[in-house]
Amino acid sequence: MSELRDIIVVGAGPAGLSAALTASGLGLDVLVLDEQPALGGQLYRNIEKANEQTLKILGSDYGRGRHLIEKFRNSNAEHLAGATVWNIEANGNVYYSKAGQSSEIRGKHVILAIGAAERSVPFPGWTLPGVMGAGAVDSNFKSSGTIPEGPVVFAGSGPLFLSTLGHMTSLGVEIGAVLDTTPQGNLLAALPFLPRAMKRLDYFLKGAGMLLNLRRLGIKYAKGINGYEAHGRDRVEKVSYSSKNGVQHVEAGVFLVHEGLVPRCDFTQLLGLKHCWDAAQRYWYPQINHVGATEIDTIYVVGDGAFVHGGMPAITKGSLAAVDIAGKLNALPLDSKTVTLAKLEKKLSSELDFRPFVDVLFRPRSNLFKMSDQTLVCRCEEVTAGEIRRAINEGCLDSNETKAITRCGMGRCQGRMCGSALNEIIIDELNRQPLDTQPLRMRPPVRNISLAELSQLSLFKNRVR
Amino acid sequence: MFKPYHQNFEKTVTIEFEGIEFRVPDTITVAAAVLSYAGENHTSISPVSAKKRAPHCFMGICYECLMEINGIPDQQACIVKVEEGMKINRQLGFSGGGEL
């Protein structure tokens, strides 16, 4: 494989595939690295192997990925599956692991299309087997055709929460209860954004249809839930939940939680890029311009990894970055670049009509990270919220100091599961503004590789630093 | 914890989990195979508290699905696809030979 490519795309979801096929269509040499075994990211996971039954149940939001992937397959872009990127440098050097072997490669430009992840929110019992992300189980169905065995209890809020719930009811999953954590005041706050959102009447009808279906099936649906716990010995057996009516219990074989999606910032933070804070959705996102360019000339960020907008906007954001880079690499004359970008930006703007409304409607509840002292925050090193608070009260001033003292964030997931919660505890305990805090610092290797693999890393013959 | 929704897969492979053979569709991940076809509820034991653990995120982030695959520990079972003859074991505590 050539050592220097025009563009290296990290991630083969909607944004990454779109960026790759657009750039390759303009004559650029593109390599896509993706850690999943099949193309499609989470939204279009395993779509090339999906059968008619699966396509019917998951509907057009999933099915339209077939067209994108077909176009990608017909392009000249190259794809490496099972390739886990573990370091990216500002000069475009990318290091990845595939089948136990690591290699270095370089892109004139790197497009980060890492996507979003379900927000990780610690609560008592969240480490019990059977407690999973709702979106996680949806993705797992796409690639394995398996469904959770009931009674399945759902808790959370957000568009993906509702769509997963819809899929699971269509699949005949036995649902024990749905615990909606959406704060009830959100609707009022979202009303100013309603007129623009009304352009997407289809989304409203879809949501309403889903809720009506729950009622028709006689599924227990509780609103205004402000907390929950999982109980059990070797796996989840019971869920308790609280609302203004007090604490109630429900039996559970599987407990699926979803408190929204957040951009995955591992690599943008590793690269030291500037991050902004979204107060409505309570998450960090990298600062980019209208085409996904960052303050580092080589690095672009597209898709939900830049800001959670969903699948269709991700496709457009991917194309925007590809066209901009094609202009920089003289693969596209300036006037046609300007025209194409303007067209894409107009498209993106209409695709985002629904978003401001949704972002406020599903604003997370204010007690999301108000964990009890006994709650395990760090799943890997098993550090409790109480231990973290004690370290802060003894003088730790940020996430990194607290990590050094408590080991919170020092385990195998490298802080991906506990990082947000750790920072939220600091915000609370020290009465800080989010922008005045320093989240966990990412360091290479950003994914776990063995020392043996690292020592045998194949480097460029003519390295440029 | 999981069950197959449909059985119309083109190809199957035979895998071995903790010494027992299972036939599973060739397109699925190790984690999915263990939690459905092998009928298991946990895939590892926490190195800190020795409590049972199972996959949580199914997309390669949480590292709760680490298992021993073909003798190599610390493999992410949720992003590795099954292969014919694959030998899979639970990861019990530390992978580096440490004891609980």
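Helices (H or I, at least four residues) and strands (E, at least two) are DSSP runs here, numbered from the N terminus. With that settled, let's start.

This is a predicted model, where local features need pLDDT of at least 70, side-chain atom pairs count only at pLDDT 80 or more, and totals for chains, interfaces and linings use all residues. Residues are numbered from 1 along each chain as its sequence is written, and chains are lettered from A and ligands numbered from 1 in the order in which they are written.

Overall picture. Chain A has 16 helices and 22 strands. Its C-alpha trace spans about 65 × 55 × 40 Å along the principal axes. A compact globule of 465 residues would have a radius of gyration near 23 Å, and chain A, at 22 Å, agrees. That radius is taken over C-alpha atoms, and the globule rule is 2.2 Å times the number of residues to the power 0.38.

Next, burial. A residue is buried if 20 or more other C-beta atoms, placed from the backbone, lie within 10 Å of its own; exposed means 12 or fewer, partly exposed in between. Buried residues are 52% of the 465 in chain A.

Now strand β11(A), residues 175–180. Six of its six residues are buried, so the strand is largely enclosed by the rest of the structure. Which strands does it pair with? Pairing needs at least two DSSP bridges. β10(A), residues 152–157, pairs with β11(A) in the parallel sense over five bridges. There, Val152(A) stands opposite Ile175(A). The chain gets from β10(A) to β11(A) through helix α5(A), residues 159–170, in a right-handed β-α-β crossover. Right-handed means that, with the strands pointing away from the viewer, the path from the first strand over the helix to the second runs clockwise. β12(A), residues 221–222, is also parallel to β11(A), over two bridges. Here Val178(A) faces Tyr221(A).

On to helix α15(A), residues 419–429. Eight of its 11 residues are buried. Among them are Gly419(A), Leu422(A) and Ile426(A). The buried residues pack against β21, α13 and α14 of chain A; contact means C-beta atoms, placed from the backbone, within 7 Å. Just after α15(A), Asn431(A) takes a positive phi of about 55°.

Last, a helix pair. The axes of α1(A), residues 14–25, and α10(A), residues 311–328, come within 7 Å and cross at roughly 35°. Axes are lines fitted to C-alpha atoms, for helices over the stretch in contact, with angles from 0 to 180 degrees between N-to-C directions. The contact includes Ala15(A) and Ala19(A) of α1(A), and Gly318(A) and Ala322(A) of α10(A).

Conventions. Two residues are in contact if their C-beta atoms, placed from the backbone, lie within 7 Å.
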